[in-house]
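Work through the exercises below with the structure open beside you. Try each task before reading its solution.

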Amino acid sequence: MKTATNKKTISKILIANRGEIACRIIHTAKKMGIKTVAVYSTVDNNAKHVQLADEAIWIGEAAPKESYLRADKIIQAAKDSGAQAIHPGYGFLSENADFSKLCNDNQLIFIGPPASAIEAMGLKAEAKIRMEAANVPLVPGYHGEDQSVERLKQACIDIGFPVLLKASAGGGGKGMRVVESLEGIEDAIAGAQREGLNSFGDSHLLAEKYLARPRHIEIQLFCDQQGNGVYLFERDCSIQRRHQKIVEEAPAPNFPEKVRKAMGEAALQAAHAIGYVGAGTVEFLYENDEFYFMEMNTRLQVEHPISEYITGQDLVAWQIKVAAGEPLPISQDELKINGHAIEVRLYAEDANNDFLPTAGKINQFIYPKESSHFSLDYDHGIRMDTGVSSGDNVSPFYDPMVAKLIVWGEDRDIAIRKLKNALHQTHITGLISNVRYLEKLVSLESFSQAQLDTHFVEDNAEAIKTSGTLTEHQQRLHQIFAAWYLYQQRLKSEDEQKENRKDKIQSNDVRSPWGMKTGWRLNSGHGDPIRLLAPEEISIQIRPLPSGSYSILFAEHNYILQAPNISISDSTSNQQMLTLTIKGSDVQANILDQSIKAQVLHSADNIQVHSHYGTSEFIQPPRLTMSDSEEENDHGLHAPMNGCLTEVRVQSGDEVKAGDILVIMEAMKMEHSIKAPHDGCIAEIFFNQGDLIDEGREILSFVDENEA
Ligand code: ADP
């Protein structure tokens with residue numbers, strides 16, 4: 001091993017990134033006694049990475065091109081704070097050769113490869129030319145200069161259909177088109193060129209044989225400034241949607257040792273060919289025991305923690321040491337695979353709507369208590385890397401990844417069991433996420449059997465959808481849990497309102513009672529049915545009985561809930577008996593001698609019931625006007641859920657009639673009109689169209705006609 005080099009001091013690092021990766025880097029820097037400087041945009045002023053860093057510098061508005069992509073401001077921030085080095089994380093400026101150069105020009109250490117290596121791998125076509133020269137196996141294809149439609153067409157014919165057209169500058173699965181035959185090929189070429197130009201400012205295309213059933217397997221490698229290089233084995237990232245990874249594991253299952261070695265060595269060959277330094281990943285497609293170079297990512301990858309788990313190394317620490325001129329801490333022979341690690345990416349996205357990103361406030365982010373953060377814990381083997389907490393916003397400006405859940409087990413079966421349990425205990429409420437989707441995916445037989453290729457998500461779409469479907473009986477139990485929970489909430493809210501009314505009579509401050517009010521009641525009166533959308537409406541009537549028991553009435557079923565130990569008997573079949581005990585939001589039930597425990601999570605209008613049967617999700621239909629029978633007059637209208645104010649139909653001073661629509665809110669892709677509860681006059685409007693409003697906030701106040 002070569003060791004000689006000039007060592008530089010790094011005692012303060014600026015992190016040119018945000019979210020979980022910024023927090024990840026801060027974690028290791030702290031461990032190494034290195035001070036950290038965060039940069040942040042306006043919407044991130046209270047973000048976790050800002051709180052964790054020793055210093056934080058504002059660099060601009062929310063849009064990345066005004067903040068996290070502003071190389072000039074970031075360099076200035078580094079100089080102002082006295083940092084010697086900049087860590088770019090992943091995304092943003094991490095693979096920007098000009099930024100790497102700019103750091104050098106300003107005597108700042110760029111924690112990443114030299115600009116020349118970034119440039120060499122920046123464009124897929126050029127990278128392929130270099131790899132071909134270094135004898136690294138490529139997917140057969142065309143990566144020439146001639147970009148005429150005729151030449152590209154001829155290339156497709158020569159390669160043989162199906163062919164994949166790729167934007168050379170592409171990334172994140174964008175700018176790709178599968179072409180099955182000559183028919184429509186011109187449109188496909190034009191489409192891929194357009195996407196390349198619009199997304200990456202470059203319309204250059206390459207054409208590749210479209211492999212039918214490949215696995216995506218990539219090699220984590222590391223090189224130091226002394227010319228040493230090692231590979232830290234592979235990651236299988238075949239489970240993707242929209243050509244983007246959602247589940248990654250290391251080592252790759254059913255992967256022959258000789259291919260592991262050959263792929264690792266090919267990756268190192270690729271890295272040495274471009275004078276690489278630092279952490280890098282070489283991506284391959286693997287099919288029928290053959291592998292083909294796809295591209296090299298010249299940075300730390302999102303999925304690096306699984307490589308850390310199986311090798312016991314801290315890759316961010318390696319990055320910092322290598323950037324300071326230290327040699328790699330261990331040699332290839334010393335690296336061994338230990339156990340199995342799997343990562344799932346928790347995204348704010350809707351798996352039922354083509355995985356479209358969602359945004360909004362995370363009301364609750366709950367995960368296993370024993371999770372470690374950014375560090376390896378082999379006892380529990382559960383690591384949750386995240387840059388957010390309950391109450392934070394997922395901003396539409398940035399990547400919608402909320403967290404990465406990483407598990408480690410002695411073998412793959414143990415890791416999968418841990419992953420299932422950990423996902424079952426993980427809940428994100430307030431916005432739509434893919435947590436339940438992932439829970440179903442990793443519960444599939446095809447996943448435990450490692451039937452992996454890049455079509456896993458499409459091939460298993462139906463199975464994922466129906467996985468863990470509850471029986472009618474289990475669904476009804478969950479509905480009872482939800483209804484009982486809401487019923488308790490209603491009683492509590494009615495008690496509070498009674499208290500408020502008492503205060504109101506005693507108070508001299510005209511505004512105080514309005515501020516104290518919690519807003520709309522869920523329903524009024526003990527006798528009103530509890531309504532749930534699942535997605536069709538279910539109405540459940542809960543009534544106290546003189547005996548102290550409760551009657552729970554569905555359309556066809558009647559249960560008796562007995563107090564005080566609250567047991568429920570199904571009077572229609574007389575078969576089911578269950579006992580409920582309520583403890584906070586935990587509801588325990590015993591059915592005959594079987595015991596189930598369900599957790600009820602309530603956030604805005606969303607209610608989730610989790611038991612060992614699975615999860616049910618309900619929406620609570622909003623009750624938007626006050627009934628005439630209410631004894632009190634409300635002077636303020638409150639947001640019934642977290643949402644966006646999409647329309648304001650009134651102005652201060654307007655006279656309104658009971659039932660007039662005043663404002664419209666949108667939440668969970670549904671519109672809710674908020675109407676005047678009485679005739680009156682609008683006093684003040686506290687929000688504007690387009691504002692995001694938290695549940696319970698007063699939107700406007702008005703003067704009741706009878707009081708004016
Ligand atoms: P990006 O840079 O946009 O992430 P990649 O070139 O890394 O694009 O490819 C992303 C994914 O697209 C791969 O993981 C794989 O699933 C699929 N893919 C890419 N090239 C091919 C190919 N030649 N044949 C089949 N699938 C491919």
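The exercises that follow concern a predicted model.

**Exercise 1. The ligand and its shell**

Task: Find which residues come nearest to the ligand, and which polar atoms face its nitrogen and oxygen atoms.

Solution: 
- Step 1. Start with the shell. There are 23 residues around the ligand, and Lys124, Gly173, Glu208, His216 and Gln240 come nearest.
- Step 2. Look for an oxygen atom of the ligand. A polar side-chain atom of lysine 166 lies 2.9 Å from one.
- Step 3. Turn to the nitrogen atoms. A backbone N or O atom of lysine 209 is 2.9 Å from a ligand nitrogen. For leucine 211, a polar backbone atom lies 3.0 Å from a nitrogen atom of the ligand.
- Step 4. Check the cover. On its own the ligand has 560 Å² of accessible area, and the protein covers 95% of this.
- Step 5. Name the elements. Strand 7 (163–167), strand 9 (205–209), strand 13 (278–287) and strand 14 (290–297) each give two or more residues to the shell.
- Step 6. Sort the shell by class. It has 8 nonpolar, 8 polar and 7 charged residues.
- Step 7. Domain 2 (140–209) and domain 3 (216–338) each supply at least three residues.

**Exercise 2. Cysteines**

Solution: 
- Step 1. Recall the bond. A disulfide joins the sulfur atoms of two cysteines covalently.
- Step 2. Apply the cut-off: buried means under 20% relative accessible area.

**Exercise 3. Arginine 18**

Task: Locate arginine 18 and find its side-chain partner.

Solution: 
- Step 1. Find the loop between strand 1 (12–15) and helix 1 (19–31). Arginine 18 sits there.
- Step 2. Judge its cover. Its relative accessible area is 17%, so arginine 18 is buried.
- Step 3. Follow the side chain. It makes a polar contact of 2.6 Å with the side chain of aspartate 44.

**Exercise 4. Helix 11**

Task: Describe helix 11 from its start to what follows it.

Solution: 
- Step 1. Begin at the start. A side-chain oxygen of aspartate 314 comes within 3.0 Å of the backbone nitrogen of valine 316.
- Step 2. Count the covered residues. In helix 11 (residues 315–323), 8 of 9 are buried. Among them are Leu315, Trp318 and Ile320.
- Step 3. Glycine 325 follows the helix, with a positive phi near 100 degrees.

**Exercise 5. Backbone exceptions**

Task: Locate two cis peptide bonds and two positive phi angles.

Solution: 
- Step 1. Most peptide bonds are trans, and most residues other than glycine have a negative phi.
- Step 2. Find the cis bonds. One runs from phenylalanine 161 to proline 162, with omega near -5 degrees. Another joins alanine 250 and proline 251, with omega about -5 degrees.
- Step 3. Proline 162 is in the loop between helix 7 (149–159) and strand 7. Proline 251 is in the loop between strand 12 (244–250) and helix 9 (257–273).
- Step 4. Take phenylalanine 233. Its phi is positive, about 65 degrees. Phenylalanine 233 lies in strand 11 (residues 229–241). Its relative accessible area is 7%, so it is buried.
- Step 5. Take asparagine 254. Its phi is about 50 degrees, also positive. Asparagine 254 is in the loop between strand 12 and helix 9. At 60% relative accessibility, it counts as exposed.

How values were computed. Residues numbered from 1 in each chain as written. Predicted model: local features only at pLDDT ≥ 70, side-chain atom pairs only at ≥ 80, totals over all residues. Heavy atoms only, no water. Near = heavy atom within 4 Å. Polar contact = N/O pair within 3.5 Å; in protein donor to acceptor, adjacent residues only side chain to side chain. Areas by Shrake-Rupley, 256 points an atom, 1.4 Å probe, with all protein chains shown as cover. Helix = DSSP H or I, 4+ residues; strand = E, 2+ residues; numbered from the N terminus. Nonpolar A, V, L, I, M, F, W, Y, C, P; charged D, E, K, R; others polar. Domains from an automatic or database assignment. Buried < 20%, exposed > 50% of the residue type's maximum accessible area, 1.4 Å probe, protein only.
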